[in-house]
Amino acid sequence: MGQRMDDALLQRLRQFQTEYFPRYREQFKNLVHHGQHPTTLFIGCSDSRLVPYLLTGAGPGELFIVRNVGALVPPADGLHGFHGTAAAIEFAVLNLNVQHIVVCGHSHCGAMKALYEELSPEATHLHSWLGLAREAALPVRMTEEALRRTEQRAVVLQLERLMGYPMVRRRVEQGRLFLHGWHYVIEDGEVHVFDVHHGRFVPASESAHSGTGPYKEFIEQPIFNEIDAAYLGALPSPHAADR
Ligand SMILES: [Zn+2]
């Protein structure tokens with residue numbers, strides 16, 4: 001099986017060079033000669049159905065991408081061990097001077113679903129990693145609606161955690177960097193963008209902007225706990241009353 005799979009991959013590699021590459025040869029040459037100058041750091045879930053290039057219409061040299069399980073952002077302080085996502089944030093902001101950071105979650109996210117399920121005891125890294133989204137889980141029985149809300153809440157939680165990075169916070173305050181929270185609904189082909197002013201996600205077809213816009217006004221009042229407050233308040237669950 002491994003052999004067959006390798007062969008398929010090898011075929012794709014050859015195809016890339018003979019069919020795709022020639023059309024973009026000059027562009028790649030330019031990117032080598034002048035270096036890369038992407039304007040956007042895209043933090044997305046690893047899910048195979050999320051295709052950043054298709055969503056944004058971006059080509060080579062336009063997106064600096066870091067993907068992980070759940071599109072999560074580790075805290076800027078108190079890091080233990082190796083943190084690829086934190087390193088990518090620092091590099092994108094300090095070295096590449098990106099002007100936008102997108103955090104992109106999506107519908108039917110296995111990582112968010114896993115918050116409501118038992119994990120294999122062998123998945124020790126996954127267990128601690130998902131801790132970065134634990135707060136987004138709702139004290140309710142898992143339903144499709146609860147999952148969609150959890151996915152969106154997780155995006156907002158990561159935006160707030162991004163603000164804990166000094167170089168991010170400083171540039172947001174200076175109006176040089178903009179944070180965008182996205183929730184991609186796979187089955188509709190539509191991204192819902194987080195509107196920080198109204199504390200909710202709005203379909204891109206109806207939104208006036210591509211994300212939170214300036215985050216500055218909300219620095220002193222994190223809004224994570226405000227979203228879904230009405231939803232939670234209306235729940236009969238005894239846990240909901242505690243929130
Ligand atoms: Zn996912």
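Predicted model: local features only at pLDDT ≥ 70, side-chain atom pairs only at ≥ 80, totals over all residues.
Residues are numbered from 1 along each chain as its sequence is written, and side-chain values use heavy atoms, without hydrogens and water. Local features need pLDDT of at least 70, side-chain atom pairs count only at pLDDT 80 or more, and totals for chains, interfaces and linings use all residues.

The zinc ion is coordinated by Cys 45 (SG), His 106 (NE2) and Cys 109 (SG) at 2.0 to 2.3 Å. Donors are N, O and S atoms within 2.8 Å of the metal (3.2 Å for Na, K and Ca); water is not among the atoms, so sites may look incomplete. Cys 45 lies in strand β1 (residues 40–45) and His 106 in strand β3 (residues 100–106), 61 residues apart. Helices (H or I, at least four residues) and strands (E, at least two) are DSSP runs, numbered from the N terminus. Cys 45 and His 106 are both buried; buried means under 20% relative accessible area, exposed over 50%, partly exposed in between (1.4 Å probe, protein chains only).

The largest nonpolar core has 28 residues, and its largest share, five residues, comes from α3. Such a core is a set of buried Ala, Val, Leu, Ile, Met, Phe, Trp, Tyr and Cys residues joined through side-chain atoms within 4.5 Å.

Seven aromatic pairs are found in the whole structure. Rings of Phe, Tyr and Trp (its six-membered ring) pair if their centres lie within 6.5 Å; planes under 30 degrees apart count as stacked, over 60 as edge-to-face and the rest as tilted.

| Pair | Centre to centre | Angle between planes and class |
|---|---|---|
| Phe 16 and Tyr 20 | 5.5 Å | 25°, stacked |
| Phe 64 and Phe 91 | 5.7 Å | 35°, tilted |

Phe 64 is buried at 17%, whereas Phe 91 is partly exposed at 36%.
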